[in-house]
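Here is a friendly briefing to read alongside the model. Take a look at the fold first, and then follow the notes topic by topic.

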Amino acid sequence: MRSLATKLTLAFLLVGLIGAVLVAVLVRQFTQRQFDRLVRDQNQQILIAHLTSYYEANGNWEGVERAFRPGSEYALPRIPGLVWEARRGLFILTDADGRVVLAAGNRHTNQKLSPADLKRGVPVMVDGVTTGWLIFAPELDRWQPGTLEGNFLLGVNRVTFLSALAATGFALIMGGILAYTLTRSLRELTGATKMLAEGKLGYQVPVRSQDELGELANSFNQMSSQLEQSNLLRRKMTADIAHDLRTPLSVIMGYTEALNDGKLEPNPEMFAVLHTETLHLSRLIDDLKTISLADAGELPLSYQLITPDVILNRAANAQRVKAEREQINIQVDIAPGLPLVRVDVERMMQVLGNLMSNALRYTPPGGQITLAADQAGEQVRISVADTGIGIPAEELPFIFERSFRGDKSRQQQNGETGLGLAIAKSLVEAQGGKISVESAPGKGTKFTILFPP
């Protein structure tokens, strides 16, 4: 049995059958008990009064069976069901000593009951003296077919059986419908996972409910979309890296072939070009290695507690000469009393170096770059803001994607790989921080990093 729908249907059927059987048994027991109690409660006072009258008239229990014989001068009043119950032996009558003087079919006549049996009965009192005991006898079989009680119980059983049968059928139908509904979503998800395994990324399944299965379908759709997006980014990054590798390699191969063929004479300018292109290749390889290790969670980090001002001043000093050459002012703004942050200093210098390189690249002469640190709640906030050209709103959501280039021509010209911001994001997150960006075209860009203290 491999079908989940079949298993669920049979489970509902089994639950329905067990419930129906339990209901039938409980209804039978409850009906019989309550019927006995009803008859006993209705007839007890009448019987005691009648038996008391009989004893007062005769002074003993001799011939007491005449009190239940139709037509006798001592017969009970014509109360529906009472004479019948007396004949069927609903009760046992004993004398004061506990000896049976009246019972159904004379089965217990002259038998002496124990004190425990007498406690189950009701005393028959005459002038304050106990003259006998009236004991209702539920152990006598009053429920055989053909009797009023038996026919009543048979009718109850028949109705209970039909109700149980209907409930079982309803449980089977509803169980089948529910099982099909539940397994339909699972079948769709199973088919979708096979589609993903075949390479059809981005495949979506319909969300048919808002319950746990609906949440599972939503999660699958989100995962599928992210896989498709990641695959597209990977392809794009591979193409961009291949292009970046091809450019310096073409230059190097052109010069080396010309030198090998003797078409060019070596000179310092040629060696400078070859050195620059080699540095470009080395930088690209280093960036790829860094981001690969960060993705695999194997990036080596050397943590230490340090004040934010040490990191920002070091980053500012590293770029100050280049900034002065570009006629750009660098300002450091540190709030007092900041707590220590636990970071890898060298990796943070790499992050701030990438952010400042971008700021210098897109800030015109006369502009300013501000490195700031303050406290945001319990977190330490570090920011790099510039007064450059800004980032278009449509490019902001993709700014941290790998190989994203807002200005391809300038970046290629400057030997950039397009991985700087992606590496910065990976390094910040690897150290437990978060990085975000806000920008307005023509007004500048601000990168913000949040670290727990």
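## Sheet, cavity and helix packing

In E4, Gly132 is the bridge partner of Asp95. This is a predicted model, in which local features need pLDDT of at least 70, side-chain atom pairs count only at pLDDT 80 or more, and totals for chains, interfaces and linings use all residues. Residues are numbered from 1 along each chain as its sequence is written, and side-chain values use heavy atoms, with hydrogens and water left out.

**The sheet**

- Strand E1 (residues 91-95) runs antiparallel to strand E4 (residues 129-136), and five bridges join them.
- These strands belong to an open sheet of four strands in the order E2-E1-E4-E3, with antiparallel pairing (two strands pair if DSSP finds at least two bridges between them).
- At the edges lie strand E2 (100-102) and strand E3 (122-126), each pairing on one side only.
- On average, neighbouring strands of this sheet are turned by 35 degrees against each other, direction ignored.
- Strands (E, at least two residues) and helices (H or I, at least four) are DSSP runs, numbered from the N terminus.

**The largest cavity**

- There are two cavities of 30 Å³ or more, and the largest has a volume of about 40 Å³.
- A cavity is a set of points on a 1 Å grid over the protein atoms alone where a 1.4 Å probe fits but cannot get out, and lining residues have an atom within 4 Å of a point.
- Grid points are joined across faces, edges and corners, and the volume is the space filled by probe spheres set on the points.
- Helix H4 (148-197) and helix H5 (212-261) are the elements that give two or more residues to the lining of the largest cavity.
- That lining divides into five nonpolar, three polar and two charged residues (Ala, Val, Leu, Ile, Met, Phe, Trp, Tyr, Cys and Pro count as nonpolar, Asp, Glu, Lys and Arg as charged, and the others, Gly among them, as polar).

**Helix H10 and its partners**

- Helix H6 (residues 268-296) packs against helix H10 (residues 420-430) at an angle of about 35 degrees, with the axes 10 Å apart.
- Axes are lines fitted to C-alpha atoms, for helices over the stretch in contact, and angles run from 0 to 180 degrees between N-to-C directions.
- Asp287, Thr290, Ile291 and Ala294 of H6 make the contact with Ala422, Ile423, Ser426 and Leu427 of H10 (contact means heavy atoms within 4.5 Å).
- Helix H8 (residues 345-362) crosses H10 at roughly 150 degrees, and their axes come within 9 Å.
- By class, the contact of H8 with H10 has seven nonpolar, four polar and one charged residues.

Conventions: 1 Å grid on protein atoms, 1.4 Å probe; cavity = no way out; pocket = protein on both sides within 12 Å on 5 of 7 lines; lining within 4 Å.
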